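Thank you all for coming.

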Amino acid sequence: KKDQLIKWISSAAKKENLTITELNYIFCSDPFLKKMNVKFLKHNYFTDIITFDNSIEKGNIIGDIFISINAKQYETTFDDELHRVMIHGLLHLTGYSDKSPMKQKEMRRMEDYWLKKLK
């Protein structure tokens with residue numbers, strides 16, 4: 001589904017009036033991602049995704065999205081959880097945040113919107 005996922009991710013960026021110049025998805029273990037969370041974000045807990053915005057020019061996305069998948073934790077399929085965190089990382093790069101309950105709700109709404117577009 002590589003081509004389908006590239007088109008899907010690109011269309012989400014385009015809808016936000018952005019172009020993807022370079023976007024890397026890096027898959028890693030839970031312990032590795034926790035170490036990154038501590039080192040770079042000073043958060044001493046497990047997470048499923050960390051997004052680094054390396055963009056230089058406004059309107060062009062350059063980023064690295066580190067992902068550790070544990071679908072059993074969320075009672076969903078591997079593919080559904082993978083796609084959710086993939087779009088979640090991109091949404092961060094387009095300007096969405098999840099730092100408050102209200103912003104989390106908006107982020108989830110956008111994730112759901114894009115997940116429906118993929119099916």
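In which sense do strand β1 and strand β3 pair, and over how many bridges? Strand β1, residues 19–27, and strand β3, residues 60–67, pair in the parallel sense over eight bridges, where two strands count as paired if DSSP finds at least two bridges between them.

Before I go on, please keep in mind that this is a predicted model, in which local features need pLDDT of at least 70 and side-chain atom pairs count only at pLDDT 80 or more, while totals for chains, interfaces and linings use all residues. Residues are numbered from 1 along each chain as its sequence is written, and side-chain values use heavy atoms, with hydrogens and water left out. Helices (H or I, at least four residues) and strands (E, at least two) are DSSP runs, numbered from the N terminus.

Let us return to the sheet. Strand β2, residues 49–53, pairs with β3 in the antiparallel sense over five bridges, and in the hairpin of β2 and β3, with six residues between the strands, Gly59 takes a positive phi near 95 degrees. Phe66 in β3 is the bridge partner of Ile26, and Phe66 is also the bridge partner of Ile50, while Asp64 in β3 is the bridge partner of Phe52.

Taken together, the three strands form an open sheet in the order β1-β3-β2, with mixed pairing. Because β1 and β2 stand at the edges, each with a single partner strand, one side of each is left without a neighbour in the sheet. From one strand to the next, the twist averages 15 degrees.

Now to the helices, for which axes are lines fitted to C-alpha atoms, for helices over the stretch in contact, and angles run from 0 to 180 degrees between N-to-C directions. Helix α2, residues 30–41, packs on the sheet and touches β2 and β3, its direction making about 45 degrees with that of β2; contact here means heavy atoms within 4.5 Å. Helix α4 lies across β1, β2 and β3, and runs at about 140 degrees to β3.

How do α4 and α5 pack, and at what angle? Helix α4, residues 78–93, and helix α5, residues 101–118, pack at about 125 degrees with their axes 9 Å apart, and they are therefore oblique to each other. On this scale, angles under 35 degrees count as roughly parallel, over 145 as roughly antiparallel, 65 to 115 as roughly perpendicular and the rest as oblique. Among the residues that meet are Ile87 and Leu91 in α4, and Met107, Trp114 and Leu118 in α5.

Helix α1, residues 2–15, also meets α5: their axes come within 10 Å and cross at roughly 140 degrees, and that makes α1 oblique to α5. The residues in contact include Leu5 and Trp8 in α1, with Trp114 and Leu118 among those in α5.

Finally, two residues deserve a look for their backbone. Most residues other than glycine have a negative phi, and most peptide bonds are trans. Asn17, however, has a positive phi near 60 degrees and sits in the loop between α1 and β1, where Asn17 is exposed (over 50% relative accessible area, with under 20% being buried and partly exposed in between, for a 1.4 Å probe and protein chains only), at 68%. Lys42, in the loop between α2 and β2, likewise has a positive phi near 60 degrees and is exposed, with a relative accessible area of 66%.
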